[in-house]
Amino acid sequence: FRITEAVYLIERIVDCLAYELDMDPAELRLKNLLKPEQFPYESKTGWVYDSGDYEPALRKAMAMAGYDELRAEQADKRARGELMGIGLSFFTEAVGAGPRKDMDILGLGMADGCELRIHPTGKAVVRLSVKTQGQGHETTFAQIVAEEIGIPPEDIEVVHGDTDNTPFGLGTYGSRSTPVSGAAAALVTRKVRDKAQIIASGMLEVSVADLQWDKGSFSVKGDPSRSVTIQEIAMKAHGAGDLPEGIEGGLEAQICYNPENLTYPFGAYICVV
């Protein structure tokens, strides 16, 4: 599917080159893998790989498989007229479909929306357009929001997959849900947190700059005993009384996230036949 055919062709060429050079296939790959200091790296097709540390991945696979021992076993079996094959593959994949300047579907840009609303109870609902196909979106996105705002994951409802009730997006496929919608969830949560900080400054009667965030609450710098939780802030945002000037009631935000680049996962495989 997409990547496997291309990787097969490239890896087959590398194996043929190793044979022509009378070089171990792993050694040839290790000599030619990009080094960390070469990133960001622009490929011949124009895509920019932001980061990577390829050699440790291949060496770990070799260690787990017992690569040197396998080669020794292979040589021993061949000397006895037996056949033993060792397959080696290393890949870099481009996933997280976007950005919209480079990718579209029928003219629609590859951006995803996300909406987060924190109720007066301190519980939250996050709405996304991607639809789970068994990947565990409900768990993943709740954990992302929880990490950013300090609300327990079990108090975060994830609504997804129905663009009649969620922000618009381009869907689940090509390993894009977490890189695109997951990033949107993180960014919209930070947007809500920024508003919460302004409300907290009014509650604690200090400037916004005098507050520090500690996963779930804002406290006054130098005086951590003076603090308010995100749940208390949510109640204030929805409750009676004045809010800081220019701040509307409620604690919610919406975002349409346009990724700047693809993501580039990588890995190594070794098999024996």
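This report walks through the cysteines, a helix pair, the aromatic rings and some backbone details of a predicted model.

## Ground rules

Residues are numbered from 1 along each chain as its sequence is written, and side-chain values use heavy atoms, with hydrogens and water left out. Since the model is predicted, local features need pLDDT of at least 70 and side-chain atom pairs count only at pLDDT 80 or more, while totals for chains, interfaces and linings use all residues.

## Cysteines

A disulfide is a covalent bond between the sulfur atoms of two cysteines. Here the working test is a pair of cysteine sulfur atoms within 2.5 Å, and the structure holds zero of them. Take Cys-16: the closest cysteine sulfur belongs to Cys-271 and sits 16 Å away, so a bond is out of reach. Cys-114 is in no disulfide either, with the sulfur of Cys-256 as its nearest, 11 Å off.

What about exposure? Buried means under 20% relative accessible area, exposed means over 50%, and partly exposed is in between (1.4 Å probe, protein chains only). Cys-16 is partly exposed at 34%, whereas Cys-114 is buried at 0%.

## Where α6 meets α7

Helices (H or I, at least four residues) and strands (E, at least two) are DSSP runs, numbered from the N terminus. Helix α6 covers residues 177–204 and helix α7 covers residues 230–238; their axes come within 10 Å and cross at roughly 85°. Those axes are lines fitted to C-alpha atoms, for helices over the stretch in contact, with angles running from 0 to 180 degrees between N-to-C directions. The two helices are therefore roughly perpendicular to each other (65 to 115 degrees; under 35 is roughly parallel, over 145 roughly antiparallel, and the rest oblique).

Contact means heavy atoms within 4.5 Å. On the α6 side you'll find Ala-196, Ile-199, Ala-200 and Met-203, and they meet Ile-230, Glu-232, Ile-233, Lys-236 and Ala-237 in α7. The residues of this contact divide into seven nonpolar, no polar and two charged. For that sorting, Ala, Val, Leu, Ile, Met, Phe, Trp, Tyr, Cys and Pro are nonpolar, Asp, Glu, Lys and Arg are charged, and the others, Gly among them, are polar.

## Aromatic rings

There are eight aromatic pairs in the structure. Rings of Phe, Tyr and Trp (its six-membered ring) pair if their centres lie within 6.5 Å; planes under 30 degrees apart are stacked, over 60 edge-to-face, and the rest tilted. One of the pairs is Trp-213 with Phe-218, tilted at 55° between the planes and 4.7 Å centre to centre. Trp-213 is partly exposed at 25%, while Phe-218 is buried at 1%.

Ring pairs also link Phe-39, Tyr-54, Phe-90 and Phe-266 into a cluster. The C-alpha of Phe-90 is 9.5 Å from that of Ile-10, and the two residues are 80 residues apart along the chain. Ile-10 is in helix α1 (residues 3–21) and is partly exposed at 49%.

## Backbone details

Phe-39 turns up again here: a cis peptide bond joins it to Pro-40, with omega about -5°. Pro-40 is in the loop between α2 (25–32) and β1 (41–42).

Which value does phi of Glu-205 come near? It is near 60°, positive in a residue other than glycine. Glu-205 lies in the loop between α6 and β9 (211–213) and is exposed at 70%. Lys-215, also not a glycine, has a positive phi near 35°. Lys-215 lies in the loop between β9 and β10 (217–220) and is partly exposed at 48%.
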